[in-house]
Amino acid sequence: MSSTMTDARQTDDNLIPAGVRERIRTYHEAGADWLERLPEFVARCVSAWDLVLLPAFEPGGDASWVAPVRRGQGDLAVLKITVPTAVRDDPATPLGIWAGRGAVRLYAHDASIGASLLEYCVPGTDAADLPRDAADDVAVEVLEQLWRADLPSDASVEPLTSICALRIRALERRADQYAGDTENVGGQVDVGPFREAARLFASLPGSTDRQVLLHGDFHRRNVISSARGWLAIDPVGRRGDPAFDVAAFLQHDANHPDLRARADGLSDRLGLDGERTRHWLFAFVTQAASWHLSIGDHATYATFSQGAFTLM
C-alpha cells in the first residue's frame with residue numbers, strides 16, 4: 001500500500017468516530033458502503049459551502065455523521081450527512097417552512113447526498129437531560145411553534161401514512177413470527193398487542209380532522225437548547241395528526257408509572273384529545289416492545305409491554 005493511500009485511510013479514520021462507524025455498520029444494511037463514500041460527501045460539502053471542518057461530534061448519532069464547521073465568514077455551523085433509509089428524510093422542507101421558529105435554521109441543503117448545513121446551538125443539551133415535568137414544558141413550548149406553521153398547498157410534505165406503513169409492516173411481521181412461539185420470555189408471546197398497534201397505525205392517520213406540519217421524529221434527544229431557546233432538530237417532516245408528535249416525545253418513558261397521566265396532561269395543554277394521544281402512544285410503545293423482543297432483550301420487552309398495557 002502506498003504512503004498516500006495509508007495517509008488517506010488514516011484521514012478517513014479520524015474523520016469518522018469509531019462509535020459512529022460501528023453503529024452505522026450495525027444498524028444499516030448499506031451502512032458499510034455509505035461509510036466508504038462519506039469522505040467524498042464531506043469534501044463536496046466543504047468545497048461547495050466554503051467550510052472549515054472541525055472534529056466530528058462524539059458519541060454522534062445512529063443514522064448520520066455530524067460535525068461542527070466554520071463558514072466562510074468565521075461563524076460556527078453544523079454539517080450533517082444522513083444515511084439513506086426506507087423513510088424519506090426531507091429536513092429541508094419543514095425547516096424552510098419553520099424558518100427558525102421552534103427549530104434550527106437551515107443554511108444549505110444537498111438532497112442528492114442527504115447533507116444539511118445547520119445552525120449551531122449552544123449549549124446544545126437535549127431535553128432527555130431534563131426532569132420529566134421540565135421536559136414536558138419544553139415539548140409544549142416547541143410544538144406550539146411548529147404546529148402554527150402553514151402547511152403548503154402543494155404535495156411537498158408527505159402524509160403521515162408513509163411513516164405508519166413501515167411501522168405496520170414491522171409489527172405484522174413480528175406478530176407472524178412470534179405467534180405460537182413458546183421459546184421466548186418464558187412462555188408463549190401474546191402477539192395481540194402487536195396486531196392492535198398495527199391496526200392503530202393504519203386507522204389513526206385518517207380519523208382526525210386536524211392536519212399540521214409534524215416534526216415526525218419528535219423524541220427528547222431531538223429537542224436541544226440554544227441561545228434562542230429550545231429548538232427542534234432532525235425533522236422527518238410529515239402532515240397529519242399532531243398527537244403523533246406528542247406520542248413520539250413520550251415513547252421512551254414506558255418504564256415510568258406516570259406515562260398515562262403525562263399523555264393526558266400534554267394533550268390537555270396542547271388542545272388535543274387525550275384518548276387519541278394514548279392510542280398513538282400505545283402503538284409506539286408496543287412497536288418498541290416488539291423490537292426489543294426481536295433482538296432478545298426480554299426484560300425491556302416486558303417493561304414496554306406493561307407500559308403499553310396501562311395506556312388502553
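How closely do the axes of helix α5 and helix α8 come, and at what angle do they cross? In this predicted model, local features were considered at pLDDT of at least 70 and side-chain atom pairs at pLDDT 80 or more, whereas totals for chains, interfaces and linings use all residues. Residues are numbered from 1 along each chain as its sequence is written, and side-chain values rest on heavy atoms, with hydrogens and water left out.

The axes of α5 (residues 132-147) and α8 (residues 243-250) come within 11 Å and cross at roughly 150 degrees, where axes are lines fitted to C-alpha atoms over the stretch in contact and angles run from 0 to 180 degrees between N-to-C directions. Helices (H or I, at least four residues) and strands (E, at least two) are DSSP runs numbered from the N terminus. The two helices are therefore roughly antiparallel to each other, a term applied to angles over 145 degrees. The crossing of α5 and α8 is right-handed, the near helix being turned clockwise from the far one by less than a right angle. Ala135, Asp136, Ala139, Leu143 and Trp147 of α5 meet Asp245, Val246, Phe249 and Leu250 of α8, contact being defined by heavy atoms within 4.5 Å. The residues of this contact divide into 7 nonpolar, no polar and 2 charged.

The crossing of α10 and α11 is left-handed. Residues of α10, including Phe282, Val285 and His292, meet residues of α11, among them Tyr301, Phe304 and Ala308, and the contact divides into 8 nonpolar, 5 polar and no charged residues.

Aromatic pairs, counted where ring centres of Phe, Tyr and Trp (its six-membered ring) lie within 6.5 Å, come to 6, and ring pairs link Phe201, Phe244, Trp280 and Phe284 into a cluster. The charged end of Arg71 sits over the ring of Tyr107, 4.1 Å from its centre, the criterion for Arg being CZ within 6 Å of the ring centre and within 35 degrees of the ring normal.

As for the backbone, a cis peptide bond with omega of about 10 degrees joins Glu58 and Pro59, and Pro59 is placed in the loop between β1 (52-53) and β2 (64-70). The bond from Val122 to Pro123 is likewise cis, with omega near 10 degrees, and Pro123 lies in the loop between β5 (115-119) and α5.

Terms used. Angles under 35 degrees count as roughly parallel, over 145 as roughly antiparallel, 65 to 115 as roughly perpendicular and the rest as oblique. Ala, Val, Leu, Ile, Met, Phe, Trp, Tyr, Cys and Pro count as nonpolar, Asp, Glu, Lys and Arg as charged, and the others, Gly among them, as polar. Rings of Phe, Tyr and Trp (its six-membered ring) pair if their centres lie within 6.5 Å; planes under 30 degrees apart count as stacked, over 60 as edge-to-face and the rest as tilted.
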